[in-house]
Amino acid sequence: MRVWIDGRVLESPDERAVSVLDHGLVVGDGVFETVKVEHGRPFALTPHLERLSSSATGLGIGAPDAAAIRAGVAATLEGQDLPFGRIRITVTSGRGPLGSPRGDGPQTLVVVTEPCDRPPPVSRIVTVPWPRNERGALAGLKTTSYGENALMVEEARARGASEAVMPNTRGDVCEGTGSNLVYVLDGRVVTPTLAAGPLAGVTRGLLLEWAAGEVEIHEEDHPIEVLGAAEEVMLVGTTRDVQAIEQVDDRELAAPGPLTRQLQDVWARGSEQSPGLWGLDG
């Protein structure tokens, strides 16, 4: 693991480098992105930085210095042998008071790069009763206020799954704690609309683009109970890519199903045929 903070690479990941008054620590006042690394190359860095900027602007802390962040990514990748890994980019509003109001200092920029294991090709999910507020102030923003997500994914792990899937306040399928949902219902491939409150996933967006003309993915909203009737279910995310789901709650599914395999092939071809998405400029 290598850590870069505000222009400096730390001697150790355990080095204390952020103020106890940083508003990201005090109230979770920040945004972040996770970027996949394959064979030392980040994937879709530019789309992730664009979403980071959009989240920061939506949160009201202002767009971060993308050039500085790219320099941080380069510094944490330099000299590393990473067959598979991830980059975590975090931007907070900087030092502030012990309360919700912000300070007026500079943002804190953090880049952490580490090796990690590839997610398994097949996994399990559970549904949880806690809703995502699709009308909330943070809807659609990837913020560091992830306490809800931490609680949900620990619930999933306790029930033998890798991901928790939540409804929105209307009871419709929304998203996982760190993934988007795609499922097959009556032979049709469906993913929730962004109006339902999920994050506009980079992987989700690329899959919709690459599948066009080959597999029609319908953006529709349905009650979360449809996952109990879906013929196939997939998680779509930065390190998962397109992951087949073999169990939803206590219901087992044959995985990967035929449409899941087709979308996995679409993803593999799209990634291979998009060299511009790979690397520090990708």
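1. A word on burial before we start: a residue is called buried when its relative accessible area is under 20%, exposed when over 50%, and partly exposed in between, with a 1.4 Å probe and protein chains only. By that rule Glu 38 is buried, at a relative accessible area of 13%.

2. Some ground rules for your reading. This is a predicted model, in which local features need pLDDT of at least 70 and side-chain atom pairs count only at pLDDT 80 or more, while totals for chains, interfaces and linings use all residues. Residues are numbered from 1 along each chain as its sequence is written, and side-chain values use heavy atoms, leaving out hydrogens and water.

3. Now to the charges. Searching the whole structure gives 20 salt bridges, each being a side-chain nitrogen of Lys or Arg within 4 Å of a carboxyl oxygen of Asp or Glu. One of them joins Glu 33 to Arg 51, with 2.7 Å between the closest N and O atoms. Glu 33 sits in strand E3 (residues 30-38) and Arg 51 in helix H2 (residues 45-59), so this pair ties together parts 18 residues apart in sequence. Helices (H or I, at least four residues) and strands (E, at least two) are DSSP runs, numbered from the N terminus. Glu 33 is buried at 1% relative accessibility, and Arg 51 is buried too, at 12%.

4. Back to Glu 38, which has a salt-bridge partner in Lys 36, their closest N and O atoms lying 3.4 Å apart. Lys 36 is buried at 2% relative accessibility.

5. Another pair worth a look is Glu 148 with Arg 132, a salt bridge whose closest N and O atoms are 3.3 Å apart. The two link distant parts of the chain, 16 residues apart: Glu 148 is in helix H4 (residues 147-158), and Arg 132 is in the loop between strand E7 (122-127) and H4. Here Glu 148 is partly exposed at 46% relative accessibility, whereas Arg 132 is buried at 16%.

6. Finally, the strands at the start of the chain. Two strands pair if DSSP finds at least two bridges between them. Strand E1 (residues 2-5) pairs antiparallel with strand E6 (residues 108-115) over four bridges, and Arg 2 stands opposite Thr 113 in E6. E1 also runs antiparallel to strand E2 (residues 8-9), joined by two bridges, with Ile 5 opposite Arg 8. The E1 and E2 hairpin has two residues between its strands, and Asp 6 takes a positive phi near 50° there.
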